[in-house]
Each structure stands twice: as C-alpha cells, then as structure tokens.
Amino acid sequence: MNSVSRLSLARRESLWAYAFITPWIIGFIIFTVGPMLASLYFSFTEYNIIDSPRWIGLTNYINLFHDDLFWHSLGVTFKYGVIALPLGLVFSYLIAVLLNQKIKGINIWRTVYFLPSVIAGVAVALLWGRIFDPKFGILNPFLERFGIHGPGWLADPDWAVPALVIMSLWGVGGNIIIYLAGLQGVPTDLYDAAKVDGANAWQRFRYVTLPMTTPVIFYNLVLGLIGTFQYFTEVYVLTNGTGNPARSTLFYNLYLYQNAFRYFHMGYASTMAWVLFVIVLGFTLLIFRSSDAWVYYEGQLKGR
Amino acid sequence: MDQAKSSSRFNSSGVEGQSLIMKFVVTLILAAGAAVIMIPFLYLLSTAVKDRDQLRQSPPPLIPVAAATVEINGQKEPLYQVTMDGQSREMALIKNRPGGKGLFVDPANPDTTYELVIADQTAIKNVEMHFENFPEALKQMKFNKLLINTLLVTFLGMAGMLFSCSLVAYGFSRFRAPWLNVMFILLLSTIMLPSQVRLLPTYVLFNKLGWVDTLLPLIVPQFFANAYDVFLLRQFFMTIPLELDDAAKIDGASPLQTLIYIIIPQARPALVSVAIFHFLYAWNDFYEPLIYLHSPEHWTLAVGLQTFNALYAVNTNYIMAASAVMILPPIILYFLAQKIFTQGVVFSGVKG
C-alpha cells in the first residue's frame, strides 16, 4: 500500500511537471521540430509558396555546390567571422577586466560601456552608415588629422567588411556584461591564496582570473559564432538588402533571405538553411570538443 | 564611501595594493574608450538638428553650427572676424576676388570696402539647431502608426513570454519527472539552433493561416516560451528556498498556487530582467518584422525607419532625428534599470 501511494505521488509530480512545461512542448513541436523537418523536406523540392512543393531530389544541393554566390557568401561570412569574432572576444574581455577594477566612479564607466548594447539594430546601422561616409562622415576627417587618408569604407568593396567589424566592436557591450558577471564570480580567496604564494598582478590574472573565467569566454564564443552566421540587420540596412558594393557584403544569411523572400526559391533557401545548420553544428561541436582542453569548471577534477 | 560600497559588492581581480599610477592609467584608458562610445551619439544628435546647408559641411562639425550672416544692401553676406591694422573687428565678405582675396565691408559702414586675403580671416560661426526636424521627420515617416504597432508587438509579446516562461521555468526547476532532464537539454539546445532552419516553414505556416502581413506571427510564438528566458528564470527559481514551497504545500496550496503566490513574488527581479531584455529584443528586432509585415500600416518602427532611409537617404537630418527618437526608449529604460545591467543580477546564472 505504501509503495502504491508513493508511486502515485511520483506520478502526480511528473504530471505537474509536464503540465507546466506544456507551453514549451507545444511550441517546440510547432515552431522547432515541425519546421525543421519541413525545411529538410523543402530542401529536396522546388517550392515557390504558391504551388505545392515538387520533389527534385538532390538537385538543390548539387546546384548549391555549383553556385558561385553561395561560396562567395560563405567566404564573406567567414572573413567577417575570422576578424570580428576574436577581436570582439579579446576586446570585450579586456574592457571587462578594466571595468572590474576598484576605481572611483566605476559604475559611471560601466554605464557608458554597456549603453551601445541596448540600442542594436536599424538606428545604429543608419548612424554608422553616416559615420563611415567618406565626405560627410566623422571617421575619415578624424583619421586625416593623423595623416591617414581613410578609405571609402562601405563604398569600397575591400573595406566594407572591415567597416562592419568596427561597427560590431562598438556594440560589444553585451559581451562585456557577461564577462563582468564571470569576473565578479571569481572567489576572492583564490586571489588571497595566490598573493600569499607571492604571485604578482600578471600571474594572478594569468593563473586565477583567466582560468576561472573560461566558462564565460566559452559561452561568448559559442553565441558569437552563431551570431556571425545570423548576421543580417546591419548589412541589410546599410545596403538596402543588396550586399553591395560588388557583393562584398553578401553575407550568407542575406543571400539566403534573397533566395527565400526576393525570388521565393523556398526549396533552394531551405537547402541553404540546412547546409548552414550543418556548418554551425560542426563548428559548435568542434568548440565543445576543444573545451575539455581549455574550459575550467569549478568543482570538476581533472586527471591533469 | 562609494568605493567602500562597491568593494563589498564586487570581488577585485587582485588589484589591492595597486598603485595610484595604475588606477590613473586604467581611468585614462576607460575615458578614451568612453569618448569613442559617446562621439557617435553626439554626431547622431548634432546631425539630427542640422538643416540642409549645414549637412553639406565637410568635415561635419560635432556641434551644429552655421555661418553667421549679416544683411548688406538687402543681401545676406557671411561675417568674418577680420584682423586689420592690429585690430580685430567683424566684417562682412561681399565679393570674391581673384587670388583668394575678397572684398570686406564694415556692416556699420558698407560703402568703404577693403580687399583682404580670405584665408587669413576666420569665418564667424554660430550654433544653430533646427529642432523642428524632429516633428517633421516623425510626420514624414508616419511615426505614430509605427509606434502603436511596435508597442503592440513588444508588450503583447512580453506578456506572452512572461506567462509561458514562468510556467515552463517552474516546471523545470521544482519537479522530478522521467525524461525531464532530456527535455531541458533539448530546450537549451534550441539556443544554438540557427533560426534559419525553422524560419521558412514557419513563414509558410503563417502564410497558410493568413497571418502574414499581420502582427500575429510576431506575438503568438511568444506564448510558447523560449529557451533563453526559461533558462534565466529557472536559474533564479532554483535559488528560492524549497522550504517556502513546502510551507505552502502544508498549507494546502497546489503547485500552481505555489507558483503564483510564492515563486512569482520572490522572483520579481528576474522577471523584471527578462521583461526588459524582451523589450529591447522586440523593440530592435528587424528580421521577422521585415519578413512578415508587408504593408506600411502594419510596419514596426525598425522596418519603418529602414524604409524611410531607403526612400529619403539624402535627408540625413530627418533620418538621424527619427533614429534618435527610436533609440530613446531603450536608453531611458537602460538608465531606469541600470542595476540590472551593471550588477548582472541574472547573468550570474550563465556561469557553470
């Protein structure tokens, strides 16, 4: 009798649990699993939304691998990612370390540094579009003061992506917030112990701060990677969705958007989406696999 | 005083005993960075209040100025600070002469002209701001309609998100059930899912439902929880002592009542945080409104502003005025809720 009532208690608890998470389960099926399967199916079809999808087997995949613009857009995205991601991670980490110092008025500095992160989007892109303007912007006249003749930035195919990187660095406040939370979570006694052992400021940073904050670095790296492949708003706004000049800013996601919503090649765009998914998954797994070597979790004992 | 307070709140990165010079250097670097962050804002505001002529100044002054003029014989002529015979006086340039020279007159005595090298004189500039740009820009972009749509999307979505995410986070934080851990890992994995793989069929679905070109595709999905907010809320719920639940249970409260009367009031800071993050997300979101909203009367501010720029890019002053208005609510919210950002109330859950 006792065991029966305990069982029913456990069952009741399970029922409550699943009752509470029902909204997510429904959403997961309708907005994640279902669409994922559907887009996988679409990727093997020709589909323009109006007529029903027509099965064409691997044609989309074959065409994609022969599509110069696909490779080009992948290249643009990689180029941006390879510059923006490490720069952003290092840059925001260093700022977070500075913002974690005991200095008068540190809260004011923090306020300023986080500010750009709350206004991401169209308005920021429009503002930077003007800043980069070679004639009426403020960046090139500023460089001119140091004798540097600035490039055409967004008007120059070679400099458009670097311009976008600069813009992204301005908005790293979100990363800084997360880093700062990580830095504040480092237990003070570790520093005290290091000091007792005679560690100097650099050694304390290198052997205490850095290892203890690898989980947040890892977190920002993974989200930054995914963000890179989703990069869209800024470049759409600045180029009116064209990816110009000379397609130098035709990011993967922008090309996908063009296929889906300009040309209504839903099948082809779905193929792009799945290829993207596989690429992102590959990179994420790579980062996760590598994390054993460099991410330190407290309370986790290693055989090292 | 302030310092003592902050030191008790935060751990230092091993900076005690740090020399004054180091602190000075750090402050200097921070100040330089802060300038880099603030100058674009200044440029935004100054451009927003310029008129057409002022926009043509190159390089653009950070403070909106215009050449001072004076009326000479019914014509507006630019004023210069002129140095003559060791004396400095204000004179108007009435005519250009070859060789970089110009004819200057004293406004009080316009009949006597002096020929001087223009480059040696300094043009007088006055601060001139055209605040009428703001109402004009907002009128042109039909701001009110866009604002209403944006507010609807933002706040209805926020209500849906808070409702669904509280329920789901509670389910994941307070109960044991078979497969619940697997469910939670599934939930978390959706954070890393590139949205593109579900976007197109979702669009097709909403298209079939006849919801494309309405606000519904932007609002309804919020009622089905999202991984990010569920995760943050769950982390916070876990810090609320279980004894409170037990006490409620003994008093005969059902799990739902426990959520409403115990957990929700305790979790207010976390709820406020996710609400603010949702506001920022929905207010700034561009991709989905762009895809789903086709006719201008359904646009949100983000789409409206982008289109306004695409159509009237030359009116930089109006574009910047509209941009300034659009970033104002997030900035106000940011200052009101500063603690949440600067103290990382919720972010601490990210680690580990």
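In the predicted model described here, B:E136 is partly exposed, with 16 other C-beta atoms within 10 Å; a residue counts as buried if 20 or more other C-beta atoms lie within 10 Å of its own, as exposed if 12 or fewer do, and as partly exposed in between, with C-beta atoms placed from the backbone. B:E136 belongs to helix α4 (residues 133-140) of chain B, where helices (H or I, at least four residues) and strands (E, at least two) are DSSP runs numbered from the N terminus. The C-alpha atoms of B:E136 and B:T258 are separated by 52 Å, the two residues being 122 residues apart along the chain. Residues are numbered from 1 along each chain as its sequence is written, while chains are lettered from A and ligands numbered from 1 in the order in which they are written. Because the model is predicted, local features need pLDDT of at least 70 and side-chain atom pairs count only at pLDDT 80 or more, whereas totals for chains, interfaces and linings use all residues.

Chain B is divided into domain 1 (1-64), domain 2 (65-127) and domain 3 (134-350), with bounds that come from an automatic or database domain assignment. A distance of 59 Å lies between the C-alpha centres of domain 2 of chain B and domain 3 of chain B. For chain A, the division is into domain 1 (2-42) and domain 2 (67-294), and the C-alpha centres of domain 1 of chain A and domain 2 of chain A lie 36 Å apart.

Chain A contains 14 helices and 2 strands. The radius of gyration of chain A is 25 Å, well over the 19 Å that the globule rule gives for 304 residues, so chain A is more spread out than a compact globule; the radius is taken over C-alpha atoms, and the rule is 2.2 Å times the number of residues to the power 0.38. The C-alpha trace of chain A spans about 85 × 70 × 35 Å along its principal axes. Buried residues make up 42% of the 304 residues of chain A. Of the contacts in chain A with a separation of 6 or more, 69% are between residues 24 or more positions apart, a contact being a pair of residues whose C-beta atoms, placed from the backbone, lie within 7 Å.

The contact between the chains takes 96 residues from chain A and 85 residues from chain B. Helix α1 (residues 2-42) of chain A provides the largest share of the side of chain A that touches chain B, namely 19 residues. The residues on this side of chain A divide into 67 nonpolar, 21 polar and 8 charged; Ala, Val, Leu, Ile, Met, Phe, Trp, Tyr, Cys and Pro count as nonpolar, Asp, Glu, Lys and Arg as charged, and the others, Gly among them, as polar. A:I21 is found in helix α1 of chain A and counts as buried, with 26 C-beta neighbours inside 10 Å. Residues up to four places away in sequence not counted, A:I21 touches B:V168, B:G171, B:F172 and B:M183. A:I21 and A:L40 are 19 residues apart in sequence, and 27 Å apart in space, C-alpha to C-alpha.

The largest nonpolar core has 152 residues, and those with the most contacts inside it are A:I176, B:V168, B:V230 and B:L233. Such a core is a set of buried Ala, Val, Leu, Ile, Met, Phe, Trp, Tyr and Cys residues joined through C-beta atoms within 7 Å. Helix α5 (residues 143-174) of chain B gives the most to this core, 11 residues. Neighbours within four places in sequence left aside, B:L233 is in contact with B:C165, B:S166, B:A169, B:A267, B:A270 and B:V274. A second, separate core of 9 residues includes B:V82, B:M91, B:L93 and B:L116.

Helix α14 (residues 266-294) of chain A has 29 residues, which at 1.5 Å a residue should span 42 Å; its end C-alpha atoms are 41 Å apart, in agreement. The expected span is 1.5 Å times one less than the number of residues in the helix. Among the buried residues of this helix are A:M266, A:W274 and A:V280.

The peptide bond from A:N244 to A:P245 is cis, with omega near 0°, and A:P245 is found in the loop between α12 (233-239) and α13 (252-262) of chain A. A:I49, in the loop between β1 (45-46) and β2 (54-55) of chain A, has phi near 80°, a positive value in a residue other than glycine. A:I49 is partly exposed, with 17 other C-beta atoms within 10 Å. Phi of B:D213 is likewise positive, near 70°; B:D213 lies in the loop between α7 (196-208) and α8 (216-219) of chain B and counts as partly exposed, with 15 C-beta neighbours inside 10 Å.

Terms used
Contact = placed C-beta atoms within 7 Å.
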